Amino acid sequence: LKNKTSSNTIYYAITLGSSEKTNITPCLHLWERFISSADGKDFLTHAAYFEKGDNGYIHIHAIVEKTKGWSMSIPKLRERYGKLKGKQHNFDIKRIKGLEIPKWKNYIKKDATQTWNVSSNNTLKNSDT
């Protein structure tokens with residue numbers, strides 16, 4: 001958690017999933033709780049986009065930029081911010097570096113112009129889009 005890139009910026013790729021096929025509310029609630037948390041308050045930038053996968057399940061892909069690590073371990077973050085109404089949702093966080101950063105930024109918004117994604121993404125608050 002203490003490793004830093006040469007610019008003192010750390011990037012994390014996040015995927016937040018649900019078992020929903022039509023309702024964006026669970027993912028939206030988990031994402032908003034996460035970015036409003038103490039950990040989310042120190043983001044330099046963040047961007048998040050809804051996606052409806054080939055199997056129809058709704059999820060959010062995001063990237064966050066920080067200057068320091070998290071207040072708790074990544075497994076604890078997954079457990080804490082992936083839990084909604086007693087049910088554990090997919091909440092994966094992975095540190096990314098170098099060429100992974102622009103690749104992930106492009107990947108998370110690859111389907112952003114599709115009709116369903118445009119209307120759903122209007123509900124997300126992004127700071128660097």
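User: What makes Ile 74, Leu 77 and Tyr 81 of helix 3 buried?

Analyst: The model is a predicted one, and buried is the word for a residue under 20% relative accessible area; Ile 74, Leu 77 and Tyr 81, in the helix spanning residues 74-81, are classed as buried. Seen down the axis of helix 3, these buried residues fall within an arc of 50 degrees, and therefore line one face of the helix. An α-helix has 3.6 residues a turn, so residues three or four places apart point the same way.

User: Which residues lie on the other side of helix 3, and what makes them exposed?

Analyst: Pro 75 and Lys 76 are found there and are classed as exposed, a term that requires over 50% relative accessible area.

User: What do the buried residues of helix 3 pack against?

Analyst: Their partners include strand 1 (10-17), helix 1 (25-35) and strand 6 (91-96), where contact requires heavy atoms within 4.5 Å. Helix 3 also lies across strand 1 and strand 6, running at about 145 degrees to strand 6.

User: Why do strand 2 and strand 6 stand at the edges?

Analyst: The open sheet has four strands in the order 2-3-1-6, with antiparallel pairing. Strand 2 (45-52) and strand 6 each have a single partner strand, so one side of each is left without a neighbour in the sheet.

Conventions. Residues are numbered from 1 along each chain as its sequence is written. This is a predicted model: local features need pLDDT of at least 70, side-chain atom pairs count only at pLDDT 80 or more; totals for chains, interfaces and linings use all residues. Side-chain values use heavy atoms; hydrogens and water are left out. Buried means under 20% relative accessible area, exposed over 50%, partly exposed in between (1.4 Å probe, protein chains only). Helices (H or I, at least four residues) and strands (E, at least two) are DSSP runs, numbered from the N terminus. The arc is that of the directions from the helix axis to the C-beta atoms. Two strands pair if DSSP finds at least two bridges between them. Axes are lines fitted to C-alpha atoms, for helices over the stretch in contact, and angles run from 0 to 180 degrees between N-to-C directions.
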